[in-house]
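The sequence and structure are shown first.

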Amino acid sequence: MNGWRGASPTARLLLVAVLLTGLTTFMFLPLLAIELTAQGIPAGRTGFLVGLLAFSSQAFSLLSGLLVDRLGPRRVMAAGFLLRIAGYVLLGLGGAGRPAPLVAGIVAVGVGGSMLGLSTKTLLVSQEGSDPRTMLALRSTFVNIGVVVGPALGALVYPLGFRYILAACVLSHLVLGIGLVSGRTAAAVPGRTAAKATGPDADPDADPGAAPDAAAGRPGEVTRRTLLRHWAPLAALGVAYWAIYSQLNVLLPIAANELTGSTAAISVVFTANGLLVVLFQYTLLSRVFRRATARTLLALGFLAFACAYAVLIPLAGWYSLLAFVLPVTLAEMLIGPSLDEQAVNAAALRRTGLALGTMSAAGALGSLLGSSLGGQLLQATRGGSRAWVLLVGCSLAAAAICLLLPKVRTRHA
């Protein structure tokens, strides 16, 4: 990976942290519900606790972004590591008879994860000599290595006891926290130095971290209309992306079982999806689509979503399911990092954390809406093709909304 070789020592350390925290998180996360049930906690309460973990992370994202901008990413990162370590310890102490440490541990792990995610992402897109697209593509690749490998490691360790997994989480976060917080990351600044909005009307002497109006030669004149023109469609796309993507966890598992008659079918989809992202994410964004604007990548991504759900309409068993994997993975690889890139390029100077936090909050709302509406859609359509037709229409509408975004091109380092 040329991006890895060209990355600064701080960026490499941050990416290693992304990899290791991803591995331990996905060792722990898929087994949490199994462990809670094994402790005698009723299924309804188990579902609430697992949902509380996701909610704690997503609901805190906007405040995490504000804290990153106000206090600096290093301090927020330190707090995130401490919260996660405390959360894993509390989970080890909690159980069916001790609900208080269990709930506190789940909230601490969720909030700590939000703070860690936004602080590391802010530092990565702020590295000198690297453009945000490259860093976001590398980050996505390393996250997905954790998604693919983490559950397998968890399955190997789980027979020894769930506390061994928690101990691995505590140890990895402790070592990484000491290395990152006490190391050179302290010198990183949350302003963007490598990315700059450029275009036919851009002023070459404008502040590279300024918002669009300032870059156009009107510093300080970031009007409400300008912000609305950029952020309204961007936030709408963030909600749409996660609402559509969440159907992989709501509609698709049931549909995959009905299409193939195999409960293992959804595992095939997720495994293939993770491997494709690991293998091609960086090359796709940093080589194939290097010169494309984030707006173009977003439009292509939503069109890929439309293609993915369209191949499910014929209900052609394994053929439909396997044909679904490639376009849905392409959509994921194009849209996720491009939303963050567009947000970073649109943010005012030293507001990168807030911009990324806003996109995470939009994602939380989209996931909630998608999960709720997906369940209703499943009941209403009763296994027919109408759900896929509706999702194709939503994807095409989102692709059209992409055209409302201003063109913001990243200057590659």
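Leu315 counts as partly exposed, because its relative accessibility is 38%; the class covers values between the two limits, buried being under 20% relative accessible area and exposed over 50%, with a 1.4 Å probe and protein chains only. Leu315 sits in the loop between helix 13 (294–310) and helix 14 (317–346). Helices (H or I, at least four residues) and strands (E, at least two) are DSSP runs, numbered from the N terminus. Leu315 and Leu259 are 56 residues apart in sequence, and their C-alpha atoms are 6.5 Å apart in space.

The model is a predicted one, in which local features need pLDDT of at least 70 and side-chain atom pairs count only at pLDDT 80 or more, while totals for chains, interfaces and linings use all residues. Residues are numbered from 1 along each chain as its sequence is written, and side-chain values use heavy atoms, with hydrogens and water left out.

**The protein as a whole**

The protein has 16 helices and two strands. Of its 413 residues, 51% count as buried. The accessible surface comes to about 17900 Å², and carbon and sulfur atoms account for 67% of that surface; the areas come from the Shrake-Rupley method with a 1.4 Å probe, and for residues only the protein chains shown count as cover. Contact means heavy atoms within 4.5 Å. Among contacts between residues at least 6 apart in sequence, 82% join residues at least 24 apart.

Two helices are set side by side below; the expected span of a helix is 1.5 Å times one less than its number of residues.

| Helix | Number of residues | First to last C-alpha | Expected at 1.5 Å a residue |
|---|---|---|---|
| Helix 5 | 21 residues | 30 Å | 30 Å |
| Helix 8 | 20 residues | 28 Å | 28 Å |

In helix 8 (residues 162–181), the buried residues are Phe162, Ile165, Leu166, Cys169, Ser172, His173, Leu176, Gly177, Leu180 and Val181. They lie on the same side of helix 8, because they cover an arc of only 130 degrees around the axis, the arc being that of the directions from the helix axis to the C-beta atoms. An α-helix has 3.6 residues a turn, so residues three or four places apart point the same way. Arg163, Tyr164, Leu171, Val175 and Ile178 are exposed on the other side of helix 8. The buried residues of helix 8 pack against helix 2, helix 5 (73–93), helix 6 (99–125) and helix 7 (132–157).

The buried residues of helix 5 include Val76, Met77, Phe81, Arg84, Ile85, Tyr88 and Leu91. The partners against which the buried residues of helix 5 pack are helix 2, helix 4 (61–71), helix 6 and helix 8.

**Thr21 in helix 2**

Thr21 lies in helix 2 (residues 9–38). Thr21 counts as buried because its relative accessible area is 14%. Which residues does Thr21 contact, leaving aside its neighbours within four places in sequence? They are Phe81, His173 and Leu176. Phe81 is one of the buried residues of helix 5, whereas His173 and Leu176 are among those of helix 8.

The side chain of Thr21 also reaches the backbone oxygen of Ala17 at 2.6 Å.

**Aromatic pairs**

A search of the whole structure finds eleven aromatic pairs. Rings of Phe, Tyr and Trp (its six-membered ring) pair if their centres lie within 6.5 Å; planes under 30 degrees apart count as stacked, over 60 as edge-to-face and the rest as tilted.

Phe28 and Tyr88 form an edge-to-face pair, at 5.4 Å centre to centre with 85 degrees between the planes. Phe28 lies in helix 2 and Tyr88 in helix 5, so this pair ties together parts that are 60 residues apart in sequence. Both Phe28 and Tyr88 are buried.

Phe28 also pairs with Phe162: the ring centres are 6.1 Å apart and the planes stand at 35 degrees, so the pair is tilted. It links distant parts of the chain, with Phe28 in helix 2 and Phe162 in helix 8, 134 residues apart. Phe28 has a relative accessible area of 1%, and Phe162, at 9% relative accessibility, also counts as buried.

Elsewhere, one aromatic cluster is formed by Tyr241, Trp242, Tyr245, Phe302, Phe305, Tyr309, Phe324 and Trp388.

The C-alpha atoms of Phe55 and Gly110 are separated by 7.5 Å, and the two residues are 55 apart along the chain.

Conventions. A polar contact is a pair of N or O atoms within 3.5 Å; within protein, one must be able to donate a hydrogen and the other to accept it, and residues adjacent in sequence count only if both atoms are side-chain atoms.
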